[in-house]
Amino acid sequence: MKTLSRVYMWVIFALLYAPILVLVIFSFNEGGSLSSYTGFSFRWYGELFRDSVALQSLKNSLFLAVSSAALATLIGTFAALGLDRMRNQYLKGTVNSVTNIPMMNPDIVTGVSMMLLFVAVAGILGISDILGRWTMLIAHTTFSLPYVILSVLPKFRQFDPSLREAAMDLGCTPAGAFFKVELPHVLPGVISGFIMGFTLSLDDFVISHFVSSPDFQTLPLYIYNQTAHNVKYSMYALCTLIIVTILALLLLVNFAGGIGDRSKRRKEATK
Amino acid sequence: MNNTLIKLRSIEKSFDGERVLCGIDLDIHDKEFVTLLGPSGCGKTTTLRIIGGFENADTGDVFFDGERINELPAHQRQVNTVFQRYALFPHLNVYDNVAFGLRVQKLKEDEIQVRVREMLEMTGLRGFEARRPATLSGGQQQRVAIARALINRPRVLLLDEPLGALDLKLRKDMQNELKRIQRETGITFIYVTHDQEEALSMSDTVVVMANGRIQQIGTPTDIYNEPVNAFVADFIGESNIIDGVMPEDNKARFAGHTFDCVDGGFAKNEAVDIVIRPEDVDVVPVEKGMLSGVVSGVTFKGDYYEIIVDVKGFKWMIETSDYVAPDEKIGLYIEPDAIHVMKKSEYSGKFGDYSTFSDEMDHLSDPDAEVSENEEEAILS
């Protein structure tokens with residue numbers, strides 16, 4: 001039974017990660033073929049870094065990921081704060097559900113509807129080509145927002161309101177109490193919200209496909225365009241780099257979440 | 001104890017349509033140790049929060065040092081608070097918790113260091129500077145909370161059931177400690193508790209509250225010896241409260257006998273409540289007693305026996321150092337100054353009869369009831 005469960009586990013892992021593993025291995029392949037591994041080399045990585053369009057897309061992607069995650073974190077944190085302080089329970093529930101809809105909505109619907117919105121606004125304002133960097137930023141901020149709220153809101157809920165009163169009692173203004181006492185408490189949630197927004201923005205393809213323009217391409221769009229016609233092996237190298245980045249960020253998210261959990265557990269242990 | 005520091009005038013407060021305070025008038029003097037005493041839900045915590053600036057009164061005024069401070073927010077008031085569950089900042093260590101108030105005032109770090117050291121010394125926390133609150137015991141957390149509140153050198157320290165979460169032994173130690181700190185610093189303490197023993201042993205002035213109203217204000221001995229109504233008599237210690245009449249001054253008639261007493265000033269034959277403390281009744285042979293009755297229960301309490309005596313259907317509680325057997329017929333003797341006469345009030349007839357008294361039940365039901373009601377109050381406020 002024990003060996004069976006172990007075998008089962010490895011089969012699942014193989015199914016999940018074998019394709020990725022193949023991709024990583026062949027990104028280091030000397031020759032340009034998928035059928036034979038001719039030797040270890042950084043050839044495709046070299047080629048990737050000489051590809052100016054790829055580098056521009058990478059820059060675009062990073063700009064977009066950082067700025068949209070930062071915006072979403074800022075807006076989302078204050079949205080969570082507002083949601084937490086809302087007195088009316090019905091209104092609170094409604095607002096909460098509404099903010100969650102974008103998470104459940106299929107990306108394609110979000111993408112199409114965003115494109116329609118932007119085009120309509122462009123029509124009203126009389127702008128000919130609105131799609132590009134800024135529409136991408138708005139779209140990415142929008143779909144990251146509910147994830148930020150989701151990770152920050154529980155931290156606000158856990159916060160003991162008498163700590164806020166204690167801070168004000170000791171002379172803090174209400175704003176001072178928020179920044180000195182409440183923010184440090186919710187910070188792990190804010191950080192993991194930011195990282196989540198960053199990764200979501202980095203690997204989004206569907207929504208970006210609808211709201212971008214040819215002169216503002218992100219990496220996923222670029223890779224798609226490259227591989228749709230004939231496979232370029234430098235794309236393997238690019239994908240490997242993306243996987244490594246995402247993996248590192250995921251570990252970071254868990255780490256940030258873990259810090260909050262551990263201090264909470266310690267508090268409970270002494271009770 | 002000369003000048004009035006805090007004045008509350010006809011304070012009223014409701015939460016969700018429920019009246020919590022119905023007209024509180026209270027004067028608190030400089031350097032006084034005042035205790036707000038009452039059962040859960042009597043409004044004592046709400047009164048404290050109004051003084052601290054965490055709640056606003058619906059009507060009425062709060063004066064501090066002669067100035068009306070109704071609208072002054074909490075962070076601008078010269079009072080500091082020790083919160084019920086300490087409310088220490090979990091992300092800061094002991095030193096930074098205590099230094100918090102001084103850092104808000106933007107004092108120089110070297111001055112902060114001197115004052116924090118001094119405060120940690122006074123509260124017995126030396127050596128704990130680098131510890132996080134979560135790693136401290138309840139008593140230590142309590143000390144940090146006190147040090148943190150006192151470092152701002154407030155005019156008034158508000159304490160909201162600060163010892164509620166500690167065990168009995170530690171609570172006694174902390175009571176002495178608090179009393180010492182109050183004497184050393186000369187700061188006015190306003191202390192909220194439901195523990196009458198704590199209130200009597202620590203305070204200069206006790207304010208007994210019930211149902212959102214102040215029942216009595218006085219020194220601990222006044223409150224104990226001269227309760228104004230049945231509620232106060234029952235809440236502060238054990239008491240036998242009997243219906244009686246005053247045929248004339250210095251005479252009280254109850255339980256079918258006319259007693260000499262030392263109270264007067266009532267109308268002729270006015271109906272009154274008579275309070276007699278269990279320790280003030282002497283057990284004597286039947287023929288020497290003013291009253292006689294049958295012992296219906298005896299409980300050994302260590303240094304005395306607590307006995308329940310049935311006198312014509314009314315059950316008295318009596319504390320005596322001599323053993324009496326159950327079902328024995330005994331006489332009761334009461335000195336004139338042991339009889340305290342009170343005017344009739346809304347609480348008459350509700351307290352002071354031990355016919356339903358059961359020692360076991362008391363112990364079983366008490367702690368839980370207290371905790372849940374406390375939390376209710378906390379949520380309400």
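Helices, as the term is used here, are DSSP runs of H or I of at least four residues, and strands are runs of E of at least two, numbered from the N terminus. In these terms, the elements of chain A in this predicted model run α-α-α-α-α-α-α-α-α-α-α from the N terminus on, and the secondary structure of the chain comes to 11 helices and 0 strands. The C-alpha trace of chain A spans about 70 × 65 × 35 Å along its principal axes, and 32% of its 271 residues count as buried. When contacts in chain A between residues at least 6 apart in sequence are considered, 76% of them join residues at least 24 apart.

The contact between the two chains takes 19 residues from chain A and 19 residues from chain B. On the side of chain A that touches chain B, the elements giving two or more residues are helix H7 (161–169), helix H8 (174–203) and helix H11 (234–270), and it is H7(A) that provides the largest share, with 6 residues. Sorted by class, this side of chain A has 7 nonpolar, 7 polar and 5 charged residues.

Within chain B, helix H2 (residues 94–104) and helix H3 (residues 109–122) pack at an angle of about 130°, their axes lying 10 Å apart. The crossing in which H2(B) passes H3(B) is right-handed. From H2(B), the residues B:Tyr95, B:Val98, B:Ala99, B:Leu102 and B:Arg103 meet B:Ile112, B:Arg115, B:Val116, B:Met119 and B:Leu120 of H3(B), and by class this contact has 8 nonpolar, no polar and 2 charged residues.

Chain B also holds strands, among them E15 (residues 281–284) and E19 (residues 329–334), which pair in the antiparallel sense over 4 bridges. In E15(B), the covered face consists of B:Val281 and B:Val283, whereas B:Asp282 and B:Val284 make up the uncovered one.

Most residues other than glycine have a negative phi. For B:Ser10, by contrast, phi is near 35°, a positive value in a residue other than glycine, and B:Ser10 is found in strand E1 (residues 4–15) of chain B. This serine counts as partly exposed because 13 C-beta neighbours lie inside 10 Å, a number that falls between the limits of 12 or fewer for exposed residues and 20 or more for buried ones. Not counting residues up to four places away in sequence, B:Ser10 touches B:Gly23, B:Asp25, B:Thr59 and B:Gly60. Between B:Ser10 and B:Met119, which are 109 residues apart along the chain, the C-alpha atoms are separated by 37 Å; B:Met119 is one of the residues of H3(B) that meet H2(B).

The phi of B:Asn250 is near 65°, again a positive value in a residue other than glycine. B:Asn250 lies in the loop between strand E11 (240–248) and strand E12 (251–254) of chain B, and this asparagine is partly exposed, since 14 other C-beta atoms are within 10 Å.

How values were computed
Residues are numbered from 1 along each chain as its sequence is written. Chains are lettered from A and ligands numbered from 1 in the order in which they are written. This is a predicted model: local features need pLDDT of at least 70, side-chain atom pairs count only at pLDDT 80 or more; totals for chains, interfaces and linings use all residues. Two residues are in contact if their C-beta atoms, placed from the backbone, lie within 7 Å. Two strands pair if DSSP finds at least two bridges between them. Axes are lines fitted to C-alpha atoms, for helices over the stretch in contact, and angles run from 0 to 180 degrees between N-to-C directions. A crossing is left-handed if the near helix is turned anticlockwise from the far one by less than a right angle, and right-handed if clockwise. Ala, Val, Leu, Ile, Met, Phe, Trp, Tyr, Cys and Pro count as nonpolar, Asp, Glu, Lys and Arg as charged, and the others, Gly among them, as polar.
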